[in-house]
Each structure stands twice: as structure tokens, then as C-alpha cells.
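Please look at the sequence and the structure first.

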Amino acid sequence: MSLQDQKQIIKQALKEVYEPIELNSLIAILMEHITGYNQIQQAVNKAQLLDKKQETQLTKAIELLKLGMPIQYITGKAWFMGNEIMVNENVLIPRPETEELVEWVIEYANIINKPLQILDIGTGSGCIATSVKLALPNCMVAGLDISEAALSIAIQNANKLQADISWMQENILDTAYLPNKFDIIISNPPYIPFKENINMQVQVKNFEPNIALFVTNEDPLIFYRTIARLGKQYLNPNGQLFFEMHYDQGKALLALFDEMGYHAELKQDMFGKDRMLRASLKK
Ligand SMILES: C[S@@+](CC[C@H](N)C(=O)[O-])C[C@H]1O[C@@H](n2cnc3c(N)ncnc32)[C@H](O)[C@@H]1O
């Protein structure tokens with residue numbers, strides 16, 4: 001069957017599941033993954049026949065898309081800060097708001113303008129650590145995660161992009177020790193209370209790793225409190241904590257950091273929602 005005919009088949013199969021604009025974009029990405037043709041090449045080669053292997057790949061992908069699997073897990077690729085990175089079901093698919101967090105960190109580090117020690121806690125795919133290292137090559141960057149499978153992806157991403165990073169496998173909720181002091185600690189920790197699970201998209205709750213997303217309803221700020229506690233011991237003088245956060249937790253987080261002896265400020269994302277926080281110890 002030709003490339004064009006295959007596109008029609010995918011459209012038919014998925015039209016009840018995805019909105020037309022999203023579906024067109026999914027089809028283009030999937031076809032690029034399977035044929036290696038970009039969108040223009042797909043149009044030029046629309047009469048080309050797919051081979052058996054490509055057809056089997058497509059059939060499998062359609063089934064997964066029907067179930068709601070994010071296209072990034074099907075292709076194994078996502079984009080972050082202009083770089084293509086590898087993803088699988090062991091890591092969160094990087095989000096645009098996390099790019100805004102990274103931009104904030106880079107902006108701050110450029111003002112300080114000296115080699116800094118930087119740690120990314122809950123590194124997942126390594127998207128934050130890798131982007132920070134590429135933008136700030138004179139800084140020492142480390143990435144930490146509880147998940148061995150996530151760290152394996154982070155290491156592959158860093159190696160592919162030639163970012164020299166040191167890695168640690170650690171449960172941050174259960175460690176009182178970091179190997180050295182840091183000028184910047186960044187974290188996009190799990191922060192969604194389990195009770196919000198019912199309102200979440202199938203693509204997220206059924207496919208992205210629970211360990212990357214959820215915290216208990218009873219203590220949704222546990223990662224922030226733990227990292228703030230570690231920061232007291234492991235931040236260098238004038239050190240800064242940078243976090244991504246739930247849009248709804250700004251007030252509670254400001255109170256928590258104040259109580260723990262930090263000055264903290266919130267930052268809004270491109271949609272005007274509180275999505276980032278920066279904190280430094282009070283003098
Ligand atoms: C929201 S994801 C962030 C992933 C990546 N940094 C990003 O921004 O896309 C949170 C990450 O924290 C990790 N994590 C969860 N619990 C942890 C713990 N107790 N100690 C260390 N890392 C943990 C998860 O494995 C996951 O990779």
C-alpha cells in the first residue's frame with residue numbers, strides 16, 4: 001500500500017480518538033519515524049509503497065495510539081531546548097514549562113558568570129542536566145534519580161549530546177548525604193497529588209511513570225521540604241534552589257520555604273501560571 005493510502009487508513013482508525021489537527025501532526029510524525037521522510041519528502045513520495053516491515057510497524061503504532069500511548073514513546077524521541085532526546089516509558093516526556101525553568105537557571109548562572117556546581121534532582125531523561133551543561137560548559141553538572149532505568153536513558157542522552165555529567169542513583173527522600181556542595185540545585189520533582197489522577201489525560205496517567213508524577217495526597221510538598229532541608233547543608237554560600245511546581249501550590253510553597261529559613265520567589269510560565277520557584281537561604 002502507498003504512503004498516501006496508509007495515511008488515510010491511520011486517519012480512519014484514529015479519527016474518533018484524536019482531534020483533526022492533532023491527528024494530522026501525529027500522522028506526520030509517525031510517518032517520518034517509519035519512512036525517514038520529513039513532511040515535504042512524504043508529499044513528494046506519496047505514491048511510494050511501504051514494505052512489509054513498515055506496514056507491521058504502522059499497524060502496531062496505530063494500536064498503541066488508540067490506547068492513548070504518547071507518540072514520543074512510540075518513536076522513542078522528544079524535543080527539549082532544541083535537542084532531540086531519547087525517551088521511553090521509564091522517563092517523563094519533557095514539558096515546555098521545564099524549558100522555561102532551564103532558561104531561568106541559565107539566565108541566573110550567566111549573571112553569576114563563574115564555574116558553578118549544579119545538581120539536578122529527579123533527572124529522569126536527563127533533559128535538565130544535559131541542557132544546563134550544554135549551555136554552561138564551564139559548570140560541573142550532576143544528575144540524580146531513584147530510577148536506574150531512567151538514569152540509563154539520561155546517560156545515553158548526555159553521551160549522545162556530548163554533555164559531561166556525573167550521575168547518582170539515590171532516593172532523595174531517604175538520604176541525608178550528597179557528595180559535595182552545590183551553587184545551584186534544580187528539581188522538577190513529582191508534585192501531583194494522587195487524588196488528581198482521575199482528572200488527568202489517559203496519555204499521562206496510563207503511560208508516564210507514576211513515580212515521576214505523583215505524590216501522596218497527605219504530603220504533596222514532601223520533595224520540596226526534603227530538598228530545602230538538604231539545601232541547608234549542601235548549598236554553597238549564596239546558593240540557589242530552582243524548582244518546577246504545581247500551579248496551585250505557590251502559596252503553600254512560599255510559606256514552607258519561609259518557615260524553613262529561605263527567601264523564595266515564584267515565576268509564572270508563558271500562560272501566566274505560577275510554575276517555578278527559586279529560593280535562597282536567608283542571611
Ligand atoms: C517530574 S519527573 C522529572 C523528570 C525530568 N527532570 C524532567 O523535568 O522532565 C520526576 C523524576 O523524579 C524521580 N524521582 C521520583 N522519586 C524520587 C526519589 N525519591 N528520589 C530521587 N528521584 C526520584 C523520578 O524517577 C522522575 O525521573
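In which hand does H11 pass H12? H11 passes H12 in a right-handed crossing, where right-handed means that the near helix is turned clockwise from the far one by less than a right angle, and left-handed anticlockwise.

This is a predicted model, in which local features need pLDDT of at least 70 and side-chain atom pairs count only at pLDDT 80 or more, while totals for chains, interfaces and linings use all residues. Residues are numbered from 1 along each chain as its sequence is written, and side-chain values use heavy atoms, with hydrogens and water left out.

**Helix pairs**

Two packed helices are described by the angle between their axes and the distance between the axes. Helices are DSSP runs (H or I, at least four residues), numbered from the N terminus. Axes are lines fitted to C-alpha atoms over the stretch in contact, and angles run from 0 to 180 degrees between N-to-C directions.

| Helix pair | Angle | Axis distance |
|---|---|---|
| H1 (residues 3-14) and H4 (residues 52-67) | about 20° | 10 Å |
| H6 (residues 96-112) and H7 (residues 127-135) | about 35° | 10 Å |
| H11 (residues 222-234) and H12 (residues 250-259) | roughly 25° | within 11 Å |

The angle of roughly 25° makes H11 roughly parallel to H12, a term for angles under 35 degrees. In this pair, Tyr-224, Arg-225 and Ala-228 of H11 meet Leu-253, Leu-256 and Phe-257 of H12; contact means heavy atoms within 4.5 Å. By class, five of these residues are nonpolar, none polar and one charged. Here Ala, Val, Leu, Ile, Met, Phe, Trp, Tyr, Cys and Pro count as nonpolar, Asp, Glu, Lys and Arg as charged, and the others, Gly among them, as polar.

H1 and H4 are also roughly parallel to each other, and their crossing is right-handed. On the H1 side, Gln-6, Ile-10, Ala-13 and Leu-14 meet Glu-55, Leu-58, Ile-62, Leu-65 and Lys-66 in H4. That contact divides into six nonpolar, one polar and two charged residues.

H6 passes H7 in a right-handed crossing. Thr-98, Leu-101, Val-102, Val-105 and Ile-106 of H6 meet Ile-128, Ser-131, Val-132 and Ala-135 of H7. Seven residues of this contact are nonpolar, two polar and none charged.

**The ligand**

The ligand is surrounded by 20 residues, each with a heavy atom within 4 Å of it. The closest are Gly-122, Asp-145, Asn-171, Ile-172 and Asn-188. A backbone N or O atom of Gly-122 is 2.8 Å from a ligand nitrogen atom. For Ile-172, a backbone N or O atom lies 2.9 Å from a nitrogen atom of the ligand. Asp-145 has a side-chain N or O atom 2.7 Å from an oxygen atom of the ligand.

Methods
Helix = DSSP H or I, 4+ residues; strand = E, 2+ residues; numbered from the N terminus. Parallel < 35°, antiparallel > 145°, perpendicular 65-115°, else oblique. Polar contact = N/O pair within 3.5 Å; in protein donor to acceptor, adjacent residues only side chain to side chain.
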